[in-house]
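Me: I am new to this structure. Please walk me through it in short questions and answers.

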Amino acid sequence: MAQKPSIPKGTRDFSPAEMSRRNYIFDTIREVYALYGFEQIETPAMENLSTLMGKYGEEGDKLLFKILNSGDFMRGVKSEEVGTPALAAQLCEKGLRYDLTVPFARYVVQHRDELTLPFRRYQIQSVWRADRPQKGRYREFYQCDADIVGSDSLLNEVELMLMVNEVFRRLGIRVCIKINNRKILSGIAEVIGQADKIVDITVAIDKLDKIGLDNVNAELAEAGIPEDAISKLQPIIKLSGSNEDKLRTIREVLSESETGLKGVDEVTYVLQQYSTLTTGGSEDGNASSQLELDLTLARGLNYYTGCIFEVKALDVEIGSITGGGRYDNLTGIFGMPGLSGVGISFGADRIYDVLNQLDLYPKTIATTTELLFVNFGEAESAYALTALAACRKAGIHAEIYPDAAKMKKQMQYANARNIPYVALAGENEIAQGVFTLKDMQSGQQQLLGTSELINAITKK
């Protein structure tokens, strides 16, 4: 007996109904990106490993899917090399992209002479991570990125936050947008006397929501951070209250750190501008998303240098559904120093799960076909084909059943596909130049000519 086919863990198939819902998400994000002046690009699924390695930190490098070189790649390999990083580098020259930001940085450098700066790009493609699959975490998933490169202005951060707010307003998801700044985190590392441990500190506290404070402290100690420095971190990690209260307190804590105070100033500006531009909610009465300073937000990727963001859904227990931040040095790795950028990434797969759990999809996207023409035979199908062409020209999603099957079978097909309308034409209808249009939900039927049939469906 043949083995039952399967797919790798952490990946998924999507049915037509699921794709309709996913495209609703992609189209919503794409429309908002275009509204804010962003242009679309695409990059290859695989990149040279030299492009990807060393850009995501040690933990990120471990999660890269590496592609085995073709050919007799084991020739000349010595037994003592098996399992070593050197062998991996020898066997694999390419890898699947881990995110869209590093490939974008590579794109900017490679196409620098073709770009007008500042360059506003968006990109909606799959990424891959060799992570342990769990709820809301997949090995293959889509990211929907938007980045602005070639400008240091904090107006760009404000624009991205407004864009995040608009996307989730359109999707109907209540969210909290969390903001912090890597300069603030660097300042904290300075004032506790552990400036050289900034990466260890940010990686650890970024896990606070997942592993809890005690485990974060244990990880900090394991990284070699002294107990007194960990103690100094506690009130900062636990800091609560309004944005104004947090800013006031952290400004006092970082009074001796020039870098830290600059981070406080940057966050203050973004919070103030966002508040001013979203006061009063939107035109449809929906409240704007809250922008909250969270000093435990660290975003464990090494390339962030300024403001960082994460978005959490308020009504569903799931990880962050959007994230991003400012990166000043990323293109310098590829030979183009001094080009600053800031970007965000919507996690389409997690947003999909949130919309499913909250049942927030519009009912109109439940089906693609709106009208089915029943096929009674050669003459009847020829008559229906003319009307079918007119319906499609009018923008109605329509099809004809391909075979002259029994009426019951064709109606079962319409029900299984959730097609809301069925058009029938036998000898009597053809003689009158009409169709019997049946509403599959109510069962109501009416005799209509082609133009009347089109009007009836487009009105509904």
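**Hairpin, sheet and loop**

Me: Which residue in the turn of the β15 and β16 hairpin has a positive phi?
Reply: Strands β15 and β16 form a hairpin, with 5 residues between them. Strands here are DSSP runs (E, at least two residues), and helices are runs of H or I, at least four residues, all numbered from the N terminus. In the turn, the positive phi of about 85 degrees belongs to Gly443.

Me: What kind of model is this, and how are residues numbered?
Reply: It is a predicted model, where local features need pLDDT of at least 70, side-chain atom pairs count only at pLDDT 80 or more, and totals for chains, interfaces and linings use all residues. Side-chain values use heavy atoms, leaving out hydrogens and water, and residues are numbered along each chain as its sequence is written, from 1.

Me: How many bridges join β15 to β16, and which residue stands opposite Phe435?
Reply: Two strands pair if DSSP finds at least two bridges between them. β15 and β16 (residues 445-448) run antiparallel, joined by 4 bridges.

Me: How many residues of β15 are buried?
Reply: Buried means under 20% relative accessible area, exposed over 50%, and partly exposed in between (1.4 Å probe, protein chains only). Strand β15 (residues 435-439) is mostly covered. The buried count is 4 of its 5 residues.

Me: Which strands stand at the edges of the open sheet of 8 strands?
Reply: The order is β1-β5-β6-β11-β10-β9-β7-β8, with mixed pairing. Two strands have a single partner each, so one side of each is left without a neighbour in the sheet. These edge strands are β1 (39-40) and β8 (290-293).

Me: At what angle does helix α6 run to β11?
Reply: Helix α6 (residues 155-171) lies across strands including β5, β6 and β11. Angles run from 0 to 180 degrees between N-to-C directions, with axes fitted to C-alpha atoms, for helices over the stretch in contact (heavy atoms within 4.5 Å). For α6 and β11 (341-347), the angle is about 15 degrees.

Me: Is Thr296 buried or exposed, and which side chain makes a polar contact with it?
Reply: Thr296 is in the loop between β8 and β9, and counts as buried at 10% relative accessibility. A polar contact is a pair of N or O atoms within 3.5 Å; within protein, one must be able to donate a hydrogen and the other to accept it, and residues adjacent in sequence count only if both atoms are side-chain atoms. At 2.7 Å, the partner side chain is that of Asp294.
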